[in-house]
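We will hop from one selection to the next.

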Amino acid sequence: MAIYPQIQSRAGAYHPAALRLPALRYVGPNWYATVMGTAIVASAGVALPGDIAALRVACTVVWALSAVLLAVVLVARAGHWLLHRDQARAHLLDPAVAPFYGCLSMALLAVGGATMVVGRDVIGHGAAVAVDAVLFVIGTVIGLATAVVIPYLMVVRHRPAPGTASPVWLLPLVAPMVSAALGPLLVPELPAGQWQEALLLACYAMFGLSLLATLVVLPLVFARLVHHGPLPLALTPTLFLVLGPLGQSTTAVNQLADVAPGAVGAPYASAFAAFAVLYGVPVMGFALLWLALAGAMVVRAARGGMTFTMTWWGFTFPVGTCVTGAAGLARHTGLTAFTWLAVALYVFLVVAWSVAAARTLRGLVGGALLAAPRAPLPVTARAT
């Protein structure tokens with residue numbers, strides 16, 4: 001008996017079904033989280049105050065790894081859509097999986113941003129600008145489209161039941177905020193005048209778009225927790241996703257304030273600098289509150305038997321945005337407390353990334369992460 005069934009073509013020849021690469025069938029959009037979580041380790045490391053040569057070298061290695069991961073996941077996802085379109089459509093129509101399409105945008109943007117701040121040491125400034133510009137444009141377009149399409153599908157096709165709100169719903173909405181935070185890297189590279197001002201204000205517009213959308217969804221998430229209790233064990237790490245828009249918005253206002261003086265007039269540039277602190281400090285305070293709450297829920301879930309799932313990557317990118325946010329506040333306030341906060345969060349980020357990466361590699365080698373789910377759990381929570 002053949003290991004794989006045979007498929008007859010119109011010409012009468014037989015081809016093994018193995019050509020459909022069954023390992024790609026369950027490679028969902030959540031795999032882009034591995035790229036995001038890796039790239040932010042590099043970007044956040046160089047954002048820390050001070051210039052430690054060993055840390056920069058390590059960040060360069062991690063940046064290179066994130067670029068390779070992006071290429072691998074893009075190819076795997078392309079194969080998934082080409083060879084397993086039925087499953088790809090099922091993912092898009094699954095309210096538990098569809099929001100992860102926002103991760104594609106953020107993966108492109110994260111690698112592009114890391115290329116600008118880390119990769120330029122390897123490939124040169126000009127090449128880094130070119131790579132970042134391409135990834136920024138593509139990632140931003142995809143992010144803006146996802147921010148519309150996924151909520152549309154949730155209303156028209158998904159129709160989630162009451163009490164099923166999840167932090168995962170934030171993923172397509174936070175993608176434009178990532179563009180707002182990383183767009184300032186390209187502002188100085190544009191011609192002075194209208195071009196720089198246009199990109200600066202476009203980033204502010206995406207900041208507002210993402211922030212207001214987050215303020216709509218976050219109360220739904222908290223209401224679900226209050227009225228229906230803790231999330232299932234496998235999904236508990238997704239509570240860390242709430243840190244994403246908080247840390248990324250703080251990063252965005254600080255990054256935008258850094259480049260505003262060269263793009264807009266003095267009155268507005270000064271206002272942007274003041275806004276960075278007036279907005280960033282309270283939001284960082286709320287981020288720390290949520291970090292404590294989410295951490296307590298994770299400890300509770302761990303005691304209840306929580307095992308590794310792909311949702312553990314939620315411990316990486318959102319925390320990394322808080323690192324860059326705290327580092328930005330340290331620059332604009334001069335407070336050493338924010339520097340130490342950034343360092344402490346970065347240590348947590350590195351540990352979380354190391355654990356998630358090791359367990360993911362183990363799951364890949366063992367085949368558990370690419371196997372069909374054995375329980376009625378979304379692919380986003382595949383356990384090993």
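Start by selecting Asp86 and Arg25, whose side chains meet in a salt bridge at 2.7 Å, N to O (a side-chain nitrogen of Lys or Arg within 4 Å of a carboxyl oxygen of Asp or Glu). Asp86 sits in helix α3 (residues 85–92) and Arg25 in the loop between β2 (14–16) and α1 (32–47), so this pair ties together parts that are 61 residues apart in sequence. Helices (H or I, at least four residues) and strands (E, at least two) are DSSP runs, numbered from the N terminus.

A word on the source: this is a predicted model, where local features need pLDDT of at least 70 and side-chain atom pairs count only at pLDDT 80 or more, while totals for chains, interfaces and linings use all residues. Residues are numbered from 1 along each chain as its sequence is written, and side-chain values use heavy atoms, leaving out hydrogens and water.

Then pick Arg331 and Asp258, with their closest N and O atoms 2.6 Å apart in a salt bridge.

Now move to Gln196 in helix α7 (residues 194–228). Is Gln196 buried or exposed? Its relative accessible area is 9%, so Gln196 is buried (under 20%; exposed is over 50%, partly exposed in between; 1.4 Å probe, protein chains only). The Gln196 side chain reaches the backbone oxygen of Val187 at 3.4 Å.

Definitions and conventions
A polar contact is a pair of N or O atoms within 3.5 Å; within protein, one must be able to donate a hydrogen and the other to accept it, and residues adjacent in sequence count only if both atoms are side-chain atoms.
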